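Please read them with the structure open.

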Amino acid sequence: MLVAFASVAAASNWSQFQKNEKHTGITSDEGPDDATISVNGNTLVGSGIETVPVVLGNYVYVEGASKLYKYDKSTLNYVADCTVAATGIQNANPASDGNNIIYVVDTGYGSNQQKITAVYASNMTEKWSTNFAPASQQCSCPITYYNDNGVGKLFVGTVNMSTTDPVNLSDDGTYFAFYADNGTEIWSRETTTGGGYYWAGAAVVGNYLVYPDDAGTLTSVSISDGTKVNETDLSNKQIRSSATYNADDHLIYVAGKDKYVHAVAIDPNTGNLSTHTTSSQMVYSSTSTPAYNAADDRIYVGCGSMINGGYLYCLNATTLASHWVTEEDEIGNIQSSPAVADDGINNPLIFVTGNDGDGLVYRITDLGNGYSITSNGPPNATYSLAGVAISDNYAYFGNDDGYLYQVN
């Protein structure tokens with residue numbers, strides 16, 4: 001009994017989008033590593049799931065159209081819920097403080113007002129709620145939570161979709177910083193490039209915040225007051241991935257609709273951006289946030305969309321040279337960001353979901369110079385945009401019909 005209890009206690013949280021404020025997307029937990037991959041549970045949340053679950057302790061939290069739901073981590077039994085939004089598609093990923101508070105965004109489609117609600121994870125009641133940004137905009141950005149020397153802070157961006165092409169183009173947006181304790185705004189900064197922030201989550205680099213935008217620009221600002229350090233042009237197309245920070249080599253990664261992975265050097269002492277490196281061109285455009293595996297000096301990134309196939313790339317973390325790439329038709333339409341389990345004993349396991357009618361979850365094992373793939377189609381499978389969260393020897397994901405699954 002003591003051994004079993006210790007195993008559960010040792011499991012780490014998946015506290016926010018891509019695990020942490022650096023968006024590395026990797027955990028030292030074992031992950032689902034049996035010879036086969038199985039999907040247990042068929043829990044109907046009741047509305048589409050377009051975000052990655054948050055895992056805290058022995059519970060999984062997932063956002064539907066209007067509520068944040070709490071489930072038992074092992075059994076997926078329902079525990080409680082809390083109303084956090086009006087209605088509609090919610091594609092701004094929640095974050096937590098890693099302890100007892102979860103921060104949830106109402107994306108604000110249509111006339112709905114964007115809103116952040118802080119929820120006590122223990123009893124699923126509201127702590128505070130605050131509206132922000134013009135109702136004409138929407139918030140489709142993951143929230144980044146950061147403990148800044150004992151002061152919790154939240155960072156998130158908004159986007160104003162263009163009337164010319166409201167699906168693919170934007171013409172405005174604002175980045176915000178809030179105190180996590182009470183929702184008070186610390187600062188806000190309007191875009192200076194003409195591109196808004198769609199899935200463009202910010203990575204924390206010391207005293208600086210770094211995020212991309214729809215104009216293909218990477219921006220570095222001061223965490224304390226939002227003052228711009230500098231901007232660098234990466235592409236003439238949208239970057240709709242979040243920023244990932246490699247603290248070992250001081251590199252920021254993003255992937256773009258231009259079909260490239262971009263690496264930009266950053267000085268963590270000044271926030272200055274410098275050398276820009278690109279990968280070889282991928283087959284399709286990408287909205288996938290690169291995951292960084294420090295132990296093997298690799299990053300993993302997907303490409304694809306709802307209307308074409310998908311690929312997963314394994315690249316050298318410093319040169320962006322390719323180690324391997326999956327073959328055609330081996331995985332589905334990948335828009336999710338890779339989630340990685342690397343316990344230091346077994347081969348790294350990379351998980352992505354397919355944003356297509358098959359709705360499969362894929363586990364790709366990194367074998368060094370190659371890979372192997374196992375997949376599973378859950379019951380009631382359909383489009384799965386967001387990807388998975390990993391904790392202990394489980395992974396969790398949802399789909400467009402509002403089903404939550406546990407991967408063993």
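1. A cavity here is a set of grid points where a 1.4 Å probe fits but cannot get out. The model is a predicted one. How many cavities of 30 Å³ or more does a search of the whole structure find? The search finds one.

2. The largest cavity holds about 200 Å³ of space. Its lining counts 17 residues. F17, E50, W199, S337 and A386 lie nearest the centre of this cavity. By class, the lining splits into six nonpolar, nine polar and two charged residues.

3. Now the open space. The largest pocket contains about 670 Å³. Its lining is made of 23 residues. Nearest the pocket centre are V167, Y198, W199, M306 and Q335. Nine lining residues are nonpolar, ten are polar and four are charged. W199 is worth a look in both places: it is listed nearest the centre for the pocket and also for the cavity.

4. K70 has A80 in strand 6 as its bridge partner.

5. S122 touches K70 and N100, leaving aside residues up to four places away in sequence. S122 sits in the loop between strand 9 (115-120) and strand 10 (125-131). How far apart are S122 and K70 in sequence and in space? They are 52 residues apart in sequence, and their C-alpha atoms are 9.5 Å apart.

6. A second open sheet has four strands in the order 11-12-15-16, again with antiparallel pairing. Strand 11 (144-148) and strand 16 are its edges. Each has a single partner strand, so one side of each has no neighbour in the sheet. The twist from one strand to the next averages 20°.

7. Strand 11 and strand 12 (residues 151-157) run antiparallel, joined by five bridges. Opposite D148 stands V151 in strand 12.

8. On to charges. The salt bridge count is eight. One of them joins the side chains of E231 and R189, with 3.2 Å from N to O. Why does this pair tie together parts that are 42 residues apart in sequence? Because E231 lies in strand 20 (residues 228-233), while R189 lies in strand 16 (residues 185-190).

9. Last, a hairpin. Strand 23 (residues 261-266) and strand 24 (residues 273-278) pair in the antiparallel sense, with four bridges. V264 has H276 in strand 24 as its bridge partner. Six residues lie between the two strands. Which residue in the turn has a positive phi? G271 does, at about 80°.

Definitions and conventions: Residues are numbered from 1 along each chain as its sequence is written. This is a predicted model: local features need pLDDT of at least 70, side-chain atom pairs count only at pLDDT 80 or more; totals for chains, interfaces and linings use all residues. Side-chain values use heavy atoms; hydrogens and water are left out. Two strands pair if DSSP finds at least two bridges between them. Contact means heavy atoms within 4.5 Å. On a 1 Å grid over the protein atoms alone, a cavity is a set of points where a 1.4 Å probe fits but cannot get out, and a pocket is an open set with protein on both sides within 12 Å along at least five of seven lines; lining residues have an atom within 4 Å of a point. Grid points are joined across faces, edges and corners, and a volume is the space filled by probe spheres set on the points. Ala, Val, Leu, Ile, Met, Phe, Trp, Tyr, Cys and Pro count as nonpolar, Asp, Glu, Lys and Arg as charged, and the others, Gly among them, as polar. A salt bridge is a side-chain nitrogen of Lys or Arg within 4 Å of a carboxyl oxygen of Asp or Glu. Axes are lines fitted to C-alpha atoms, for helices over the stretch in contact, and angles run from 0 to 180 degrees between N-to-C directions.
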